[in-house]
Structure formats: C-alpha cells, structure tokens
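My notes follow as numbered points.

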Amino acid sequence: MTTRKVDDATPGAEWLDDTEREDWNRYGLAPRPDVAAPVLDAAPGTPKSRSRSRDIAARFKSSSSTRAPALETPRRTADPDEFFLDYRDESHADEHGPAGRSRSPRFVANLVAASVVGVIGVVVMVIAVVSSAIWPAPPPTPTRSATQFSDSSVSMVPGASSTTRMAHTGIAIDLPMDITIADRDQPPDDGGVIYLTGPTGGVAVDPGTGVFKHVYGGPAFAGGLGRPLVMDGLWLSSASSDEVCGPSCWAESTTYRLDRTSGAVTQTLPQTYLVGAASDGVWVATGSKLERLDPSTGNALATVPWSGSAEPRFGCGSIWAFTAGDAGATIAEIDPSTGRTIGQSRLDPKVADGPTYVEGQCWMMSGSAGVSGGNTTLVWMNVDGTTAKVFRYPGRSILTLDREFWGYSQDGKLQRFEAVSGIDFGLAYVLPTKPTDNDPKWIFAAAGTLWMIDGGKLVGFDVPTGSTRVNG
C-alpha cells in the first residue's frame, strides 16, 4: 500500500497509510482500540501513547496555519469508544449497504443467519406440502373392517360412521297366528298389501293402517309352510325342509295358488316344490324337470331337465343347483335350455343363502332367508357361476332388505352396509324394540319400509327402504 507524509510542516510526523490517514481526517487520530494509534515524534523521554496522540490532534485542530491541506478538522470530539463505534459502522457502509445505513459485522451475521433459517423453513414447508399431496394422510381408525379372501386379496378396509337417529314405531298390532320368517329374496308384498304366512294360516295387512284386509286358513296351510311368494296370486309350498329340498322331497311337497282377495285355493300342484318367481313366470320343480308356469293360470310355459340330487334355485335371473355338505357346499349355474352346468363354485358349509341380487351384483351369503346371525360371509358370484371374491365380516349380522345390505348390531342399530368395502353409510337407525332373542332374522322389509315380528306382534318402523328411501 502506498504511503504519504501527513504534513511536512509538522515536525516529527510519521508516514501514514491511506486507512490511517482517513482515521486521522475523520476522528482526530482516534483509532480502533485494537490498532496502535498513529504516533508522532515527541520530545525525548516522552512516551508514545494515545494521550499524546490526542494532544497532538488538539494542537493540529487549534493551529489552522500549520495544518496540512489534506487533513480535515475532526467532526467531533468524543470518547474513544464512541469514536470506535462510529468507525466500525461507517467504515463498513460501502461494503454492506449505502452510506448512512451502517451495518456492523455482527448485525450482518445475524441477518445472514436469520435468512438461512427462513430459507430452511420455507424448504421444509414445501417438502411437507408436496409429501402430503403424494402420500395422503392415513385413513381414520376403522370402525368396521372386512377381509377379502381371493386371488386378488384386499386388506383391511375402514368403516365410516354416520348420523344416528331413533326410529319410531308406526304400527304395532297383534297377529292372529304364528308367522314364518319372510323370504327376503321373495318380497312378501305386491306394492300395496303385505302378505304374511305361517304353518296354520296367513294375513294380508294394510301397511299404512295396520288393518287386516284378509285372514287366510284352510288346507293350503295344513302341511306346514315352505316358502311363499306373491305373483298375481299368493303362492305357497309345503315342504319337509326349510332350507334344502332336492328331488327326494319333491314328492312330499304340494304347491298351492290362492286368490289374494278371498283366500280360496285356485290351483293345487301335488308333488311339486315351489322354486321361485321370475319376471316371466313362477318356477316349480316336479318329477325330473323344472317348469316355468303362467302366474295367472298355472299353465306350464317352459321346461328344463333336471338330474342329480341338488336343490334347484332361481336367483340373479338364472337357474342354479345347490348342494349342501358338512365339508363344504357347491353352487352351479344351469343352462335353462339344456340343464347342463355353465360354471360352479365351492362354498363354505355355512354359506347357504342365495343366489340373490343385491347392490347390482349376484351374491351367496351365510345364514338363511337373507340374513346372517353374527358372523357373515359374502360370496360375490361371477356371471358364469364361479366365485369372484369372498368377504368375511366376523361379528357382523347382515340382512338383505329391498336389494340392499344392512348391518344390525346388538345394541339395536341398523344401517346400510356396502359389502365390497365393508363401510356403513347413510343414516343409522336405533330401533326402540329389539326382536326376539335379538335375532335379526325377524327383521324384514315390505312395502318400502322396515318391519319386525316381535313374538306375537307385527311392528312397523319409520325406516324407509328400497325406492322409498330418501337421504336415509
């Protein structure tokens, strides 16, 4: 660095570099505390010190005639520490900001540190937002769960809770006779009247008022009731078994057609077992064949050959052959034109109900008459009679009501249930009355609402089902 003399006219002056000269001009030789003060020659024996420097500075200030032209009068006289602060701030002004906005190294360091922390915070927030978009938050703790067992198994699926409301009793009437559990795959109504039957008779009930329109009895009920259905007339079939009736029991069964208004028997079909109702007729089994009958006259419209000991069933728009067994059951779809098997499935021994069309799919399920009693297995059937998936719901009671699955819990709550996901949805209804033995088999749907047989009473609730259901 180049140096020049402060003032040739000043006796004993040292050579100063540019920085020291600037200090001299601004602060009257008051330097930074950590840098030795510029020293002028003194008389022999006089120490070179800051006090000496201040004396010389004062002399230069008072003697304008001897002051070097390059030197300026110090701005002010103050404590050396104050001078140092000014020096510290202003000497860095050009490096870190415009003149007049002094910034110390510590201030700059703090500013840089705060900036770094802020940048890191922004980066963390961005990563969190991106991560939440890529990996959604885990679902809430399941209230219901299902395990699917198939080639493409799906793990636990969460349930969902909904608004709960108390159901109210609309109708409660005493029944004049014992009533058999309604077959949920064959709705016991014609849209305006509910038909309930038992081993000794039956009744036709107005669902709006609970008034008995008709009470039935007579020979049609003498042999014990198998399964009833309503299609033009009231069809009844007596049988020796409530669940499985193959060709060996057909000879012991009789099918009747009753006039719904008078209850008179209009047709008797001995050694005939009532299979089910289709959109184009009533199916019955007799001899070594199945017949589709005209529901108005009882005349045969079509015939399907039948072989083997399996029980014939009609469901999901097809004819099926069901065979029970302790080691497992089988269900086979039958070609109605040839009687040959299209496809078949191996089932758990407890899967005995169906096939039935629910939620747009064909299903088999554990239990009987469209209800399971505590541990439900649902089997999703393919159109060719094979198994698509199996769903198991331990501890769940599930009913089929108006082509939908409903779950029933032991606390008397009833709610719609989505079979594939295992999720409850819609309103949850708490029934004010529980069925006998708290068994959901006594709960059924008819005429668009919910009913229950409570011992010798018929109870109707304000719980809509099927097409009458709105927001529930």
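1. How many cavities of 30 Å³ or more does a search of the whole structure find? The search finds 4. A cavity here is a set of points on a 1 Å grid over the protein atoms alone where a 1.4 Å probe fits but cannot get out. Points are joined across faces, edges and corners, and a volume is the space filled by probe spheres set on the points.

2. The model is predicted: local features need pLDDT of at least 70, side-chain atom pairs count only at pLDDT 80 or more, and totals for chains, interfaces and linings use all residues. Residues are numbered from 1 along each chain as its sequence is written, and side-chain values use heavy atoms, with hydrogens and water left out.

3. The largest cavity holds about 130 Å³ of space. It is lined by 16 residues (those with an atom within 4 Å of a point), and the closest to its centre are Arg184, Asp185, Thr400, Leu401 and Asp402. Strands (DSSP runs of E, at least two residues, numbered from the N terminus) contribute: E21 gives the most, with 3 residues.

4. By class, that lining of the largest cavity has 8 nonpolar, 2 polar and 6 charged residues. Ala, Val, Leu, Ile, Met, Phe, Trp, Tyr, Cys and Pro count as nonpolar, Asp, Glu, Lys and Arg as charged, and the others, Gly among them, as polar.

5. The second largest cavity has a volume of about 100 Å³. Among its 14 lining residues, Ala182, Pro188, Tyr195, Thr197 and Pro228 are the closest to its centre. Strand E6 (194-197) and strand E9 (229-231) each give two or more residues to this lining. Its classes are 10 nonpolar, 3 polar and 1 charged.

Definitions and conventions: 1 Å grid on protein atoms, 1.4 Å probe; cavity = no way out; pocket = protein on both sides within 12 Å on 5 of 7 lines; lining within 4 Å. Helix = DSSP H or I, 4+ residues; strand = E, 2+ residues; numbered from the N terminus.
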